[in-house]
Amino acid sequence: SAAETEDYATFAKHLKTAYEKGWNTEQDFQAVESAAYVKADQTYFIPGNFQKTLEISTIVYNQVPQGWRFQYLRVLALEKLGRMALEQNDLQGAENYASAILKMTFRPEGANLLADVYIKKIEASLAAGNLQAAQNSYNFIKDFEVSEDRASRLQELIAVIGNP
């Protein structure tokens, strides 16, 4: 009932107990957790209220980090907020969202968002003629496991940077 009334703090408390007792493998439990996830997804994430989605998913995630549904919802919200920050050229904000994802778990959403931030940083450094800053940014991101298109773009950029 806590999930139905959107009392996510109480829901998270009960969810934590269920996980601690090992009930998370039972079908009834999975149905309840799934219904709460779907409700949060449909009520907040899908309509575009990413800040509220992040708030809810963080409440549940902080109590039950092993619960994949709310962890995933949190990743999705962080990525959307990070992409919005990136579109507004708020590189620090976008990097913070990407880092929050990667601190939870490795997810391609976080790595790719972080790569996009650093690609913009490298491009800005190159435009300003600051090869050392471009190299430093490249050195930070180069070992992250990112999508092929981002890895290709990073290779193009390092070719431009050369050996400062």
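In this report, two residues are in contact when heavy atoms of theirs lie within 4.5 Å. The structure is a predicted model, in which local features need pLDDT of at least 70 and side-chain atom pairs count only at pLDDT 80 or more, while totals for chains, interfaces and linings use all residues. Residues are numbered from 1 along each chain as its sequence is written, and side-chain values use heavy atoms, with hydrogens and water left out.

## Overall form

The protein has 8 helices and 0 strands; helices (H or I, at least four residues) and strands (E, at least two) are DSSP runs, numbered from the N terminus. Read from the N terminus, the order of elements is α-α-α-α-α-α-α-α. The radius of gyration is 19 Å, well over the 15 Å that the globule rule gives for 164 residues, so the protein is more spread out than a compact globule. That radius is taken over C-alpha atoms, and the globule rule is 2.2 Å times the number of residues to the power 0.38. Along the principal axes, the C-alpha atoms fill a box of roughly 60 × 30 × 20 Å.

Of the 164 residues, 44% count as buried. Buried means under 20% relative accessible area, exposed means over 50%, and partly exposed lies in between (1.4 Å probe, protein chains only). The protein exposes about 8800 Å², of which carbon and sulfur atoms supply 48%; accessible areas come from the Shrake-Rupley method with a 1.4 Å probe, and for residues only the protein chains shown count as cover. Among contacts between residues at least 6 apart in sequence, 62% join residues at least 24 apart.

## The nonpolar cores

In soluble globular proteins, nonpolar side chains tend to be buried together. A nonpolar core is here a set of buried Ala, Val, Leu, Ile, Met, Phe, Trp, Tyr and Cys residues joined through side-chain atoms within 4.5 Å. The largest such core has 28 residues, and Tyr8, Phe11, Leu15, Val60 and Phe70 touch the most other members. Helix H1 (8–20), helix H2 (27–45), H3, H4 and H5 each supply at least two residues of this core. Its largest share, 7 residues, comes from H4. A second, separate core of 21 residues includes Ala94, Ala111, Ile119 and Leu157.

## Helix H5 and its surroundings

Helix H5 (residues 91–104) has 14 residues and reaches 20 Å from its first C-alpha to its last, close to the 20 Å expected at 1.5 Å a residue. The expected span is 1.5 Å times one less than the number of residues. Leu91, Gly93, Ala94, Glu95, Ala98, Ala100, Ile101 and Met104 are buried in H5. The buried residues of this helix pack against helix H3 (50–63), H4 and helix H6 (108–127).

Asn89 lies in the loop between H4 and H5. Most residues other than glycine have a negative phi. Asn89, although not a glycine, has a positive phi of about 60°. At 52% relative accessibility, Asn89 counts as exposed.

## Selected residues

Gln71 belongs to helix H4 (residues 68–87) and is buried, with a relative accessible area of 19%. Not counting residues up to four places away in sequence, Gln71 touches Tyr61, Pro65, Met104 and Thr105.

Ser57 is in helix H3 and is buried, its relative accessible area being 0%. A polar atom of the Ser57 side chain lies 3.2 Å from the backbone oxygen of Leu54. Apart from neighbours within four places in sequence, Ser57 is in contact with Phe70, Leu73 and Arg74.

Ala35, in helix H2, is partly exposed with a relative accessible area of 47%. Gln155 is found in helix H8 (residues 148–161) and, at 48% relative accessibility, counts as partly exposed. The side chains of Gln155 and Tyr138 are joined by a polar contact of 3.5 Å. A polar contact is a pair of N or O atoms within 3.5 Å; within protein, one must be able to donate a hydrogen and the other to accept it, and residues adjacent in sequence count only if both atoms are side-chain atoms.

| Pair | Separation in sequence | C-alpha to C-alpha distance |
|---|---|---|
| Ala35 and Glu4 | 31 residues | 8.8 Å |
| Gln155 and Lys142 | 13 residues | 9.0 Å |
| Gln71 and Val60 | 11 residues | 8.2 Å |
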